[in-house]
Amino acid sequence: MAVKLNALTSDSYIDISQYRDQHFKGNRHEQEKLLKQSNTLYVGNLSFYTTEEQVHELFSKSGDVKRIIIGLDKVKKTACGFCFVEYYTRLDAENAMRFINGTRLDDRIIRTDWDAGFKEGRQYGRGKSGGQVRDEYRQDYDPARGGYGKLAKPRS
């Protein structure tokens, strides 16, 4: 009796996550279409001290990187823990999603997600204090991300 193997219909490493950029200019359908065709990744949980060269060294292992845009605090203009990595091809970006997401960079576990495509202005943090929103309310001390959260109430 011959056994037929079915090809994978889904690759969970490259599937589009549930997260959607709330500031996307367009409707949900347009955003979904762009995410499915994108060569651009959002990379989060970076140290504030991680350099563009470090990001390039890691992400170029999965393909030819077109450009890297380091996320900046909109007030201080210093790195604030995220970046965008744009590849020349979707295949190279998919390989980064498969093999780099969840790995360590600068002693931090980074996460990658699809991005609908970088547009000027998106490199700035959206938090009230200029950085990322998640860093404002963080209760723990994280020296690689600026210490305590900016808006967190000090523990008594």
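1. Start with Cys83: its relative accessibility is 0%, so it counts as buried. Cys80 also falls in the buried class, because its relative accessible area is 2%. The cut-offs are under 20% relative accessible area for buried, over 50% for exposed, and partly exposed in between, with a 1.4 Å probe and protein chains only. As for disulfides, the structure holds zero of them, the criterion being a pair of cysteine sulfur atoms within 2.5 Å.

2. A word on what you're looking at. This is a predicted model, in which local features need pLDDT of at least 70 and side-chain atom pairs count only at pLDDT 80 or more, while totals for chains, interfaces and linings use all residues. Residues are numbered from 1 along each chain as its sequence is written, and side-chain values use heavy atoms, with hydrogens and water left out.

3. Now the sheet. Four strands make an open sheet, ordered β2-β3-β1-β6, with antiparallel pairing. At its edges are β2 and β6, each of which pairs on one side only. From one strand to the next, the twist averages 25 degrees. Helices (H or I, at least four residues) and strands (E, at least two) are DSSP runs numbered from the N terminus, and two strands pair if DSSP finds at least two bridges between them.

4. Zoom in on β2 and β3. Strand β3 covers residues 79-87 and is joined to β2 by six bridges, the two running antiparallel. Across this pair, Ile70 faces Cys83 in β3, and Arg67 is opposite Glu86 in β3. The two strands form a hairpin with six residues between them, and Lys77 in the turn has a positive phi of about 60 degrees.

5. Most residues other than glycine have a negative phi. Asn45 has a positive one, near 70 degrees, and sits in the loop between β1 (40-44) and α2. Phi of Asp107 is positive too, near 65 degrees; this residue is in the loop between β4 (104-105) and β5 (108-109). Buried or exposed, what are Asn45 and Asp107? Asn45 counts as buried because its relative accessibility is 18%, whereas Asp107 counts as exposed because its value is 65%.

6. Helix α2 has a buried side. Val55, Leu58 and Phe59 are its buried residues. Viewed down the helix axis, they fall within an arc of 85 degrees, so they line one face of α2; the arc is that of the directions from the helix axis to the C-beta atoms. Glu53 and Glu57 are exposed on the other side of α2. What covers the buried residues? The cover includes β1, β2, β3, α3, β4 and β6 (111-115), where contact means heavy atoms within 4.5 Å.

7. Next, α3. This helix lies across β1, β3 and β6, and runs at about 150 degrees to β6. Axes here are lines fitted to C-alpha atoms, for helices over the stretch in contact, and angles run from 0 to 180 degrees between N-to-C directions. Glu94 belongs to α3 (residues 90-99), and it counts as buried because its relative accessible area is 16%. Leaving aside neighbours within four places in sequence, Glu94 is in contact with Ile14 and Trp114.

8. Ser62 counts as buried because its relative accessibility is 12%. Not counting residues up to four places away in sequence, Ser62 touches Tyr87, Asp92, Asn95, Ala96 and Ile100. A polar atom of the Ser62 side chain is 3.5 Å from the backbone oxygen of Asp92. The C-alpha atoms of Ser62 and Ile100 are 8.1 Å apart, with the two residues 38 residues apart along the chain.

9. Last, Phe24, in the segment before α1 (28-37). Which residues does Phe24 contact, apart from its neighbours within four places in sequence? They are Glu30, Gln31, Leu34 and Ala116.

Key. Polar contact = N/O pair within 3.5 Å; in protein donor to acceptor, adjacent residues only side chain to side chain.
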